[in-house]
Amino acid sequence: MTWVNQSLSTEFVFLAYPTHPEQQILVFLGISLVYTMILTGNILIVAAIRMEARLHTPMYYLLGSLSIVEIFYTATVVPHILANTMKRHKTITLLGCATQMVFFIGLGSADCFLLAVMAYDRYVAICYPLQYPLIMTQKFCANLVVASVAIGFILSLQLVAFIFRLPFCHSKGIEHFFCDVPPVMRLTCSHSHLHELSVLVAGALAIAFPFLLIAVSYALITMTILGIHSASGRQRAFSTCSSHLMVVLLQYGCCMFMYLRPNSSYSPKKDQLLSLIYTLGTPLLNPLIYTLRNSEVKGALRRVLTRIIFSKKSCT
């Protein structure tokens, strides 16, 4: 069945949710808590970068952009997961599924490209420190952020259009919490190598290509750091990259395992857990990693929180 001969109101059913009321309540409370922490952490980072003049630099502008993307990235699926957890009929229309996948894959891809842009920023800062203010201008950074989001959605639209043009079998049960590529692909009746290769190519463009850019950037950064004679200078240069490296390993480790593999190796139970890790875990840990390992961000957050507390006291 295709878009031509199938009604857009056709519904899929999510099969991964718990059925017992006690489990539903626990899942709902747990995800609600994590989602609240994600929103709080990322919003505080954006507020601190916006309100603190000393953080008005390219590195922190890109970090704030990453936090904004992750806020919308989680908002694409987490509220829907929470609603479905407590609903009896956990369904989504064909059009709703396609729309959710467009935003989820688009923002996830934008996240990957932004991490590559942040690696380039560190490369210029360490390898060309004198030219850094001339290269990483505010306009150039804004263009890189817009390009990351645009490329992410272009790749997402092409991939989703390809998937939903395939014929779906009679089974409408998605063994997942939301509409992601691997579980939806398992519902299609066409399992040729060409279709599988097309999805892998899209995954490679969205994941492997920016990861290659990050690897090249850090290879050049490492060569430059090793050429620094002062041990304290090497330590200072490496400390500016360590938080970003931890986020990259966490993000790409999950994404590569999930998307850059044959569809035949898909395991519903394992992939459901993994999808929750990169949907909830990565956006939660990113603010923690950047704040715990960055004294400037920690200081800015303390000042922002102090202002908020004092403003509330003055209002009362």
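Predicted model: local features only at pLDDT ≥ 70, side-chain atom pairs only at ≥ 80, totals over all residues.
Colleague: Is Gln 24 buried or exposed?
Modeller: Buried means under 20% relative accessible area, exposed over 50%, partly exposed in between (1.4 Å probe, protein chains only). Gln 24 has 14%, so it is buried. The residue sits in helix H1, residues 21-51. Helices (H or I, at least four residues) and strands (E, at least two) are DSSP runs, numbered from the N terminus.

Colleague: Which residues is Gln 24 in contact with?
Modeller: Contact means heavy atoms within 4.5 Å. Leaving aside neighbours within four places in sequence, Gln 24 contacts Pro 18, Thr 19, Thr 85, Met 86 and Lys 90.

Colleague: In what order do the three strands of the sheet run?
Modeller: Two strands pair if DSSP finds at least two bridges between them. Here the order is E2-E1-E3, in an open sheet with mixed pairing. E2 (91-93) and E3 (173-174) are the edge strands, each pairing on one side only. E1 (residues 11-14) pairs with E2 in the antiparallel sense, over three bridges. Glu 11 has Thr 93 in E2 as its bridge partner.

Colleague: What does UniProt place at residues 25-48?
Modeller: UniProt annotations may be inferred rather than shown by experiment; positions follow the numbering used here, and feature names are shortened. The unreviewed entry gives "transmembrane region" there. In the model, residues 25-48 are 100% helix and 0% strand, with end C-alpha atoms 34 Å apart.

How values were computed. Residues numbered from 1 in each chain as written. Heavy atoms only, no water.
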